[in-house]
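Please keep the sequence and the structure in view while reading.

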Amino acid sequence: MTHNQARISVNQVAPEAYKAVLGLEQYIRGHVDATLLHLIKLRASMVNGCSFCVDMHSTEALKDGIDGRKLFALAAWREGPFFDARERAALALTDDVTHLGRDGVPDAVWDEAVAQFGEEGTGNILVAIATINVWNRLAITTRSQPPGV
């Protein structure tokens, strides 16, 4: 098996599990701003090194009208001028949840997210971050490849 060959399709071998994650996906699409959700998904996928998801989410974001410069700047979002306070709070939370270390998410990052989104909004963003991390781990482990490759 080469590094580029997919191992399995989770949708085929564990369809109920796949449907459960898809249920989370459908929930967050209805509860998190679409632009913010694109940024969260793409940033977490970059951090995790998920080629399949980076391709998918950058393609979807461009199709939905998000400026390419903003998407490319996600790699260095802390230094870039393209993000407002809400986006920065969500991206900081995305980075810390995705890199979840021994000490968890710092209070300052959590507090800024709650200040920007409230508790319910922050909870929904947290579920969005968790969901894309599940998708990333499934895609990386199974060696899912972008379409047409």
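Helices α3 and α6 pack at an angle of about 35°, their axes lying 10 Å apart. Axes here are lines fitted to C-alpha atoms, for helices over the stretch in contact, with angles running from 0 to 180 degrees between N-to-C directions; helices are DSSP runs of H or I with at least four residues, numbered from the N terminus. The model is a predicted one, in which local features need pLDDT of at least 70 and side-chain atom pairs count only at pLDDT 80 or more, while totals for chains, interfaces and linings use all residues. Residues are numbered from 1 along each chain as its sequence is written, and side-chain values use heavy atoms, with hydrogens and water left out.

The crossing of α3 and α6 is right-handed, a crossing being right-handed if the near helix is turned clockwise from the far one by less than a right angle, and left-handed if anticlockwise. On the α3 side, Thr35, Leu36, Leu39, Ile40, Arg43, Ala44, Val47 and Asn48 meet Arg86, Glu87, Ala90, Leu91, Thr94, Asp95 and Thr98 of α6, contact meaning heavy atoms within 4.5 Å. The residues of this contact divide into 7 nonpolar, 4 polar and 4 charged (Ala, Val, Leu, Ile, Met, Phe, Trp, Tyr, Cys and Pro count as nonpolar, Asp, Glu, Lys and Arg as charged, and the others, Gly among them, as polar).

Helix α6 itself covers residues 85–98. Because 11 of its 14 residues are buried, α6 is largely enclosed by the rest of the structure; buried denotes under 20% relative accessible area, with a 1.4 Å probe and protein chains only. The buried residues of α6 pack against α3, α5 (68–73) and α7.

Asn133 belongs to helix α7. Asn133 is buried, at a relative accessible area of 7%. Leaving aside neighbours within four places in sequence, Asn133 is in contact with Ala44, Asn48 and Thr98.

Helix α7 (residues 107–142) also meets helix α2 (residues 15–29): their axes come within 9 Å and cross at roughly 145°. This crossing of α2 and α7 is left-handed. Tyr18, Val21, Leu22, Leu24, Glu25, Tyr27 and Ile28 in α2 face Asn124, Val127, Ala128, Thr131, Val134 and Trp135 in α7 as contact partners. The residues of the α2 contact with α7 divide into 10 nonpolar, 2 polar and 1 charged.

Key:
Helix = DSSP H or I, 4+ residues; strand = E, 2+ residues; numbered from the N terminus. Expected span 1.5 Å × (residues − 1). Buried < 20%, exposed > 50% of the residue type's maximum accessible area, 1.4 Å probe, protein only.
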